[in-house]
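Keep the sequence and the coordinates open.

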Amino acid sequence: MKKRGKTAGCLRNVFYICILCICINIFTGCGKQEESEQTEVEYTIMTDRELPEELLAIIEENKDQEMRLTWKDQEEMYLIRGYGEQLTGGYSVAVAGCTEDEATLWFDTRLIGPEEGEATGAASYPYLVIKIDATEKVVVIE
């Protein structure tokens, strides 16, 4: 019987490990998840005069703290993002994006500070409300 060298045994083990790794990658898809395509959502920026009284009362109750709220009214949904009490006036909130995929809707905003000389001495409570068609998707407000 022939003795095999240590090198041949190591090469065989490396070969088996490579085959095992290839099989794992084939059956698991290399661990990649398909990224879902996001699309823009149509929305309307609402003013206080346009909001339902019930929603306006909820905003008034919570305006001094950060808010991330959704509120449904029959066929419409309102997304509210408030930034709580700011020490001065002159702040505003802008929509950075409103997108969705098959399962999730994302609403992203930015707080814009007052420009130099624009700040007032009174505290302010900047928030933004948008209206979209009602959805059953998970809503993430950033």
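Buried means under 20% relative accessible area, exposed means over 50%, and partly exposed lies in between. The model is predicted.

**Exercise 1.** Find how many salt bridges the model holds.

Solution. Apply the cut-off: a side-chain nitrogen of Lys or Arg within 4 Å of a carboxyl oxygen of Asp or Glu. The count comes to 7 salt bridges.

**Exercise 2.** Work out which parts of the chain the pair Glu 136 and Lys 72 ties together.

Solution. Start with the contact: the closest N and O atoms of Glu 136 and Lys 72 are 2.8 Å apart, and the two form a salt bridge. Glu 136 sits in the loop between strand 7 (127-133) and strand 8 (138-141), while Lys 72 belongs to strand 3 (residues 66-73), so the pair links parts 64 residues apart in sequence. Last, check exposure. Glu 136 has a relative accessible area of 75%, so this residue is exposed. Lys 72 has 38%, so this residue is partly exposed.

**Exercise 3.** Do likewise for Lys 137 and Glu 100.

Solution. Their closest N and O atoms are 2.9 Å apart, in a salt bridge. Lys 137 lies in the loop between strand 7 and strand 8, and Glu 100 in strand 5 (residues 92-100), so this pair ties together parts 37 residues apart in sequence. With a relative accessible area of 25%, Lys 137 is partly exposed.

Conventions. Residues numbered from 1 in each chain as written. Predicted model: local features only at pLDDT ≥ 70, side-chain atom pairs only at ≥ 80, totals over all residues. Heavy atoms only, no water. Helix = DSSP H or I, 4+ residues; strand = E, 2+ residues; numbered from the N terminus. Buried < 20%, exposed > 50% of the residue type's maximum accessible area, 1.4 Å probe, protein only.
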